[in-house]
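Subject: Structure handover and notes

Hello,

Please find the structure below, with my notes after it. Every term is given its cut-offs where it comes up.

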Amino acid sequence: MAEHAHFQDSVLAHARKEFALLREAMTVEEALAAIREHGIGERIIYFYVADAEGRLAGVLPTRRLLSASPEVKLGELMVRRVVTVPESASLLDALELFVLYKFFAFPIIDRERKVVGIIDISSFTEEVLDFTEPEKVNDMFETLGFHITQLRGASPYKAFRLRFPWLLATVASGTTAAILAGLFEATLKRAMILSFFLALVLALAEAVSIQSMTLTLQALRAMQPTWKWFWNNARREIVIAIMIGLGCGALVFGIAWLWRGAALAAGVIGTTIIGGTLIASVSGLVVPSALHALKLDPKIAAGPITLALADVLTVTLYFSLARWLL
């Protein structure tokens, strides 16, 4: 790894700005002519393809380009799913993507998804690599992963200072849930079955929130989020949460009804599961996205806050429904 690399630098400071950006409507023959006219760098591994508006549309491996018939359109050859680096990322963020995906280069995009540079593996090593030797490539990525561990490493006290404050959110949510249970003590006495299923209701909400949060964190690592991305994912998460909630809610409703014969209480449990999964799913999207926008570390803070929010809102819904219906 190059000793001169400053890992908190902007990734743009270490990016290649000269690159051939191809168009989706080009044929292979036109693309090769454009590449010859524009010139290529020292070591080209991937070509990036833009749509008519100049936004990144796909990636085209060199082998695919060279082996295709001249009349084939690039839109038919390119891979549309592209892992990108946002222009706001640091060099260390880009390094983590190299280790995670084991690609040799990534495009850097702006908020409009236009390519503003390319970061390749040579930014982290001064060696001239032979990409035809898998063992050497694997060794290189293992070395990069080791350096990330060093860079991300912290003393126990520093790790405590980073992690403990966010765990207070869990303490606060647990205390709030206990207080709420106390406020609804009379309701619990009238329908003891509610207390039996409280742990299950919370466990389902927490499981859904963790799933949603994990997917959001993965997306935030690979792209610069936009409002369009957020709303599209919100709609998708809501649909998925409703489907999960209906499935789990109907199942638990049936179990509670058959066990105790209390249809109304079982209805409260099932309805809360539907609402709780919806709350948890949206929380798993909103909390990491908000932390990312505020420049806080979502990997450390998102878990405790997401779980705390899901717990408090689900318990509030549970007891409010119980008091209203029972």
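What is the order of the three strands in the open sheet? The order is β4-β5-β6, and the pairing is mixed. Two strands pair here if DSSP finds at least two bridges between them. Helices (H or I, at least four residues) and strands (E, at least two) are DSSP runs, numbered from the N terminus.

Before the details, the conventions. This is a predicted model, in which local features need pLDDT of at least 70 and side-chain atom pairs count only at pLDDT 80 or more, while totals for chains, interfaces and linings use all residues. Residues are numbered from 1 along each chain as its sequence is written, and side-chain values use heavy atoms, with hydrogens and water left out.

β4 (85–86) and β6 (115–120) are the edge strands, each pairing on one side only. β4 runs parallel to β5, with two bridges, and Val85 stands opposite Ile108 of β5. On the β6 side, β5 (residues 105–109) pairs in the antiparallel sense over five bridges. There Ala105 stands opposite Asp120, and Phe106 has Ile119 as its bridge partner. The hairpin of β5 and β6 has five residues between the strands, and Arg113 in that hairpin takes a positive phi near 65 degrees.

Five of the five residues of β5 are buried, so the strand is largely enclosed by the rest of the structure. Buried means under 20% relative accessible area, exposed over 50%, and partly exposed in between (1.4 Å probe, protein chains only). In a regular strand the side chains alternate between the two faces of the sheet. Both faces of β5 are covered, with Ala105, Pro107 and Ile109 buried on one side and Phe106 and Ile108 buried on the other. Phe106 also forms one aromatic cluster with Tyr46 and Phe103.

The nonpolar cores

A nonpolar core is a set of buried Ala, Val, Leu, Ile, Met, Phe, Trp, Tyr and Cys residues joined through side-chain atoms within 4.5 Å. The largest has 21 residues, of which Leu194, Phe197, Ile269 and Tyr318 touch the most other members. At least two residues of this core come from each of α6 (156–183), α8 (193–222), α9 (227–260), α10 (263–293) and α11 (298–325). Another core, of 16 residues, lies apart from it and includes Ile35, Ala57, Leu65 and Leu74.

Contact means heavy atoms within 4.5 Å. Not counting residues up to four places away in sequence, Tyr318 touches Leu194, Phe197, Leu198, Val201, Val268, Ile269 and Thr272.

Thr272 and helix α10

Thr272 is in helix α10 and counts as buried because its relative accessibility is 0%.

Helix α10 has 31 residues and reaches 45 Å from its first C-alpha to its last, close to the 45 Å expected at 1.5 Å a residue. The expected span is 1.5 Å times one less than the number of residues. After α10 comes Lys295, with a positive phi near 65 degrees.

Aromatic pairs

Rings of Phe, Tyr and Trp (its six-membered ring) pair if their centres lie within 6.5 Å; planes under 30 degrees apart count as stacked, over 60 as edge-to-face and the rest as tilted. The count by this rule is nine aromatic pairs. In one of them, Phe230 and Trp231, the ring centres are 5.3 Å apart and the planes are at 80 degrees, so the pair is edge-to-face. Phe230 is buried at 14% relative accessibility, whereas Trp231 is partly exposed at 46%.

Phe253 and Trp257 have ring centres 5.4 Å apart and planes at 45 degrees, so this pair is tilted. The two are four residues apart in helix α9, and therefore separated by about one helical turn. Phe253 is partly exposed at 27%, and Trp257 is partly exposed at 44%.

Regards
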